[in-house]
Structure formats: C-alpha cells, structure tokens
Amino acid sequence: MTPDSSPSSDVPDRQWWKEAIVYQVYPRSFNDSDGDGVGDIPGITAKAEYFDSLGVDVVWLCPVYESPQADNGYDVSDYRSIAAEFGTIEDWEHLLAELHDRDIRLLMDLVVNHTSDEHEWFEKSRRREAGYEDYYYWRDGGIGENGDPVPPNNWGSFMGGSAWTYDDEREQWYLHLFDEKQPDLNWRNPDVREEVASLVEWWLERGIDGFRVDAINYISKPEGLPDGESDREPTGIEVFSHGPRIHEYLRELYERTFANYDVMTVAEMADTTVDRAGEYLGEDGDGLNMILHFEHMDVDVSPRGRFDPSEWGEWSLVEFKEILSRWQTGLGDDWNAQYLGNHDQPRIVSRFGDDEAYRVESAKLLATFLLTTRGTPFVYQGEEIGMTNEEFERLADLDDPMTIGAVEDAAAAGRAGSFDELREFVNYVSRDHARTPMQWSDDEHAGFTTGTPWFDVNANYPEINVEAARADGDSIWHHYRRLIDLRHREDVLVYGEYELLLPEDEQLYAYTRTLGDERLLIVLNWSPEPASLDPDETDADLGLANATTLLSNYDPDATPVGRAFRPYEAVVFRL
Ligand code: NOJ
C-alpha cells in the first residue's frame with residue numbers, strides 16, 4: 001500500500017486496513033447521474049478519479065440495498081439487491097471494478113440489528129408463517145389503568161416514542177429500537193443468525209473488502225426484556241446495549257465469515273467504553289478490527305442522550321483531549337477507527353471549528369488532527385472541502401426521522417410547544433446537516449444533479465465546492481491530500497505511539513507520535529486566540545533544537561515552538 005515508504009522494522013503487526021484512509025459516501029447525497037435528484041451508484045463511479053486524486057484507499061458505501069428508505073437505506077428490504085433509485089447490481093459491479101482498478105477498496109454497510117418491515121422475513125413473521133414466527137421480537141402487551149393497551153416494556157426508540165408498535169395482523173407488539181419501519185431481528189433464533197451469515201458471505205464472495213457494521217451492540221436482548229430504570233435516553237439502553245449473548249453471536253459470525261477473507265470490519269458501537277472495546281476487538285476478542293465509538297461525539301450533548309434538549313452546545317477541549325487520549329492509549333495491541341463526523345453528525349467545521357471567521361484554518365486543523373492520530377481515519381464526504389451546517393427554519397425543512405422524533409418527543413413531554421423553541425437545538429444536533437448534497441461546483445444545485453435535489457443544497461455552494469477547492473493550492477482539499485500523502489509516507493503516523501502533552505491546556509492540543517527513532521510533534525491551537533507552547537511545561541524531553549516543519553495550515557513558515565501559534569494553527573514537526 002505504501003510502496004515508497006521505507007518499511008520500518010519497528011512495526012509490530014502491519015495490516016493494510018491500519019494503513020488505509022477511508023472515505024465515506026452517503027449515496028443519496030453524493031452525485032446524481034440521471035437527473036432524478038437522488039444520488040446513485042453510476043454517480044459514485046463517475047467520481048472514481050476523485051477518490052484517487054484525494055489519495056484515499058477505501059470507500060465506505062452507506063446502504064444501497066433495496067429499501068423503502070424510511071431511514072435512507074438503513075431499513076433494508078432485500079439484502080441481495082440494489083435499490084432501483086441507486087442503480088442495478090451491474091452498476092454496483094462496475095463501481096467495484098473501477099475502484100479496484102485504482103487500488104481502492106470497497107466497504108459495504110451491514111445493517112442487521114433490524115430489517116425493514118417490508119422485508120419478506122417480516123411479512124412472513126407477521127403472518128406467523130411456519131419457520132418465521134420468531135424472526136423478530138413479538139410480544140403481548142398489557143392493559144393500562146385507563147384500559148388502553150400498553151407495550152410489553154418501557155423501552156424507548158432512538159427515533160422517539162416507544163420501541164414497540166402494535167401490529168393488527170399478528171395482534172401482537174413488535175420491537176423496533178429505531179423507526180417503526182425497522183423491526184429488530186431476533187438473534188436468539190439460530191435461523192436468523194444463519195441468514196445473516198449467508199448474506200455476509202454472499203457479499204464477501206462478490207469481492208468486497210469488508211463491512212462497516214451498523215448498531216451492532218444492540219443485537220442481544222436479555223431474557224424477559226426487563227424495563228429500563230436509568231434516566232438515560234432512550235429508556236432501556238442500559239438493558240439492551242451489550243446484551244448477554246453478544247460475544248457469542250459476533251464470534252460465531254466472525255468464524256463463519258470474516259475470518260476466511262482478507263477484509264476489514266468496523267463496528268459502529270455507541271455507548272461503548274475503552275475497557276469494553278477490547279472484548280470485541282482482535283483475535284482474542286470477537287475478531288472485529290475496529291470500532292466507531294461515540295465518546296467524543298457525546299462531549300457537547302446531554303449525558304442523558306444526544307437529543308435531550310436541556311443541555312447541549314458547550315464543550316471543553318480539556319475533556320475532549322482526555323476522551324480521545326484514553327482511546328489513543330488504552331487499547332493495547334488492538335486497533336481502532338478515528339473520525340470526527342459522519343452521516344449521523346453535524347458538519348465538523350461547524351461543530352468543532354469555526355465555520356465563519358476561521359473556516360479554512362479550523363477545517364485544516366481538524367484534518368490535521370484526524371490524519372495524525374492513531375487509528376484508521378474516516379473522512380466523511382464534503383469534510384475535505386469544509387462543508388458547513390445548514391440552517392433549518394421549519395420542521396418541514398428536516399428529513400431525518402431521528403431529529404423529527406426528538407422534536408415530537410420534546411413536544412409530547414411538554415418541553416417545547418413549538419418548533420421555534422427547539423430551533424437552535426435542532427440546528428445544533430441534527431443529522432440532516434451531513435446529508436445536504438455534496439457541493440461539486442458553482443453550477444446550479446452545486447453540480448450534484450441536473451434535476452431537483454431530494455434535499456436542499458447548502459446556499460454557500462458558490463463559494464464552497466470541489467471545483468474551486470481543487471483549483472486553489474491552499475485549499476482545505478489540498479491540505480487533506482497533503483496529509484494523506486504524509487500519512488502514507490510516514491509509518492510513525494500510523495503505528496507510532498501517541499503521547500499527550502499539556503492535558504490541562506485549554507487552547508492547545510499537542511501530542512507526539514513515536515516509532516523507534518522517529519518522532520513527530522503535532523501542535524494544534526484549537527482556538528481563535530494566539531497560544532504559546534512552553535516546552536518547559538511539558539513533561540516530555542522534546543529535543544526541539546532540531547525540529548523541522550513537515551506540514552502547516554498557515555504559510556510555509558510555520559510558527560516555531562516557543563512562539564505564539566496563530567488562531568487554529570496546526571503544525572506537524574519532525575523532532
Ligand atoms: C446507525 C446509522 O449510522 C444510522 O444512520 C441509522 O439511523 C441507525 N444506525 C439505524 O440503522
């Protein structure tokens with residue numbers, strides 16, 4: 001993968017997926033080839049050169065399977081076909097070939113905590129067809145004090161409301177931790193586990209290079225489905241997350257499928273600590289390669305849950321460093337994923353940078369952080385040009401069922417009478433920010449489609465777009481490209497040990513990466529005010545006398561250590 005780098009003998013366990021940089025594509029919003037306003041697979045294939053020029057090694061494709069699109073594809077109705085609006089299986093094969101021709105690998109999304117309610121398994125299950133009765137969680141409910149039917153337990157859904165919906169045909173309630181159109185599969189049923197293994201194998205046999213595994217910490221529910229008792233949201237999360245048989249299920253899936261292929265697996269796991277992560281990772285765990293944890297995503301939201309509108313928006317760099325550093329150093333020989341944003345999160349420059357006065361500088365700082373820390377970096381589409389949050393004025397402007405559910409829940413709980421009272425909160429947390437179409441050029445609809453886009457393009461596209469960014473050697477895009485090149489060249493950025501300096505500093509995020517004799521110092525002034533790094537205040541013996549600059553987000557004359565770093569200045573030094 002890095003033929004021009006001099007392989008270091010200090011690298012303990014070299015793996016292509018540790019050295020890779022992943023680029024995440026949200027197909028609906030990436031590039032529309034046929035003018036229907038919805039991004040599609042031929043549109044992605046048309047951008048193969050784009051991935052190559054940026055230098056990424058893996059493309060992660062969010063779900064493109066057949067789906068009624070209640071949650072933009074995370075509700076799969078047929079795991080072995082492609083949604084018509086995204087193309088055909090031949091289109092998908094062509095995409096795979098075009099990526100592989102450029103040595104770019106393809107990661108698919110595996111969504112098997114739940115299916116769509118339009119999947120034939122659910123249709124058969126709701127009819128109690130022999131063999132399918134227990135594919136999902138069906139339960140009788142009770143009768144409340146006022147005589148109304150009540151669900152089998154008090155669990156809440158991530159999309160708002162109860163996690164149970166009554167089905168008139170089966171005359172029972174079914175469980176859905178997400179939308180009511182996303183019923184949870186019953187992994188206790190061995191036939192379900194067999195179906196999952198067989199569909200995983202079906203895709204692996206088609207030559208893909210791995211899976212991002214959706215919401216996988218929720219697949220094992222404890223016997224009796226007991227009520228939740230904490231005040232965390234959604235209610236019951238402490239009961240249904242990391243359930244009692246989860247390791248058995250994942251290990252079984254691993255041995256049956258992933259273990260037999262040279263692929264990467266990255267598991268999405270909210271509600272997961274460093275200590276727990278080790279149980280899932282590596283050969284001595286469940287065989288997973290890395291985890292997308294959420295601890296840093298929770299730094300600016302309520303401890304009760306992201307959609308609790310009583311607390312949000314404030315975050316401290318000191319706490320952020322503490323969380324990230326725990327993940328950087330606490331995994332022993334295990335590996336991890338590193339990300340700042342994705343299709344479920346606001347835009348990173350609006351959230352962790354300054355999308356006004358220092359949009360370019362702060363977006364480059366965030367890129368520097370992402371690409372110089374330990375763990376496989378995941379870049380989300382649009383991040384590389386500094387795309388920003390949108391401003392949603394009305395509930396009708398939103399698309400995401402999770403955000404809409406949160407607004408409805410807040411109204412039901414009497415926390416807000418109207419959308420206006422929640423507008424700022426929604427504009428802070430909404431998943432919709434990440435889903436506005438990719439901004440390719442200053443053509444109409446940002447060059448995303450020749451039709452009417454399914455979701456409004458951010459009005460700043462005439463200024464922020466790929467064409468402009470590629471034409472400007474100083475752009476955020478070129479900074480990503482340089483960082484990607486640097487990471488490909490420098491084993492120390494991939495495999496080096498991470499050490500945090502100045503943990504209590506409220507402006508500077510500074511750390512070293514060390515591999516054998518190689519040592520880099522990264523200084524990020526994560527603030528709009530100047531900040532100085534006093535080497536005497538660090539515990540480390542940095543040997544700064546011979547420090548040289550490898551990369552800076554300001555002019556080529558980066559600030560030397562000891563002088564004040566400029567707002568959002570980010571420098572990589574070789575020591
Ligand atoms: C996580 C996915 O990233 C998100 O978009 C989806 O809504 C849920 N899992 C449910 O599949």
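This report covers a helix pair and a sheet in a predicted model.

## Ground rules

The model is predicted: local features need pLDDT of at least 70, side-chain atom pairs count only at pLDDT 80 or more, and totals for chains, interfaces and linings use all residues. Residues are numbered from 1 along each chain as its sequence is written, and side-chain values use heavy atoms, without hydrogens and water.

Helices (H or I, at least four residues) and strands (E, at least two) are DSSP runs, numbered from the N terminus.

## Two packed helices

Two packed helices are described by the angle between their axes and the distance between the axes. Helix α13 spans residues 401-412 and helix α14 spans residues 419-429. They pack at about 135°, with axes 11 Å apart. Axes are lines fitted to C-alpha atoms, for helices over the stretch in contact, and angles run from 0 to 180 degrees between N-to-C directions. α13 and α14 are therefore oblique to each other. Angles under 35 degrees count as roughly parallel, over 145 as roughly antiparallel, 65 to 115 as roughly perpendicular and the rest as oblique.

Which residues of α13 meet α14? They are T403, V407 and A410, and they meet F419, L422 and V426 in α14. Contact means heavy atoms within 4.5 Å. The residues of this contact divide into five nonpolar, one polar and no charged. Here Ala, Val, Leu, Ile, Met, Phe, Trp, Tyr, Cys and Pro count as nonpolar, Asp, Glu, Lys and Arg as charged, and the others, Gly among them, as polar.

## The five-stranded sheet

Five strands form an open antiparallel sheet in the order β16-β17-β18-β22-β20. β16 and β20 are the edge strands, each pairing on one side only. Two strands pair if DSSP finds at least two bridges between them.

Five bridges join β16 to β17. Eight bridges join β17 to β18. T514 in β17 is the bridge partner of E497, and T514 also stands opposite R519 in β18. β18 and β22 pair over five bridges, with L521 opposite F573 in β22.

## Turns and surroundings

The hairpin of β16 and β17 has six residues between the strands, and L502 in the turn has a positive phi of about 50°. The hairpin of β17 and β18 has two residues between the strands, and G516 takes a positive phi near 55°.

Seven of the eight residues of β17 are buried, so this strand is largely enclosed by the rest of the structure. Buried means under 20% relative accessible area, exposed over 50%, partly exposed in between (1.4 Å probe, protein chains only). Helix α12 lies across β17, β18 and β22.
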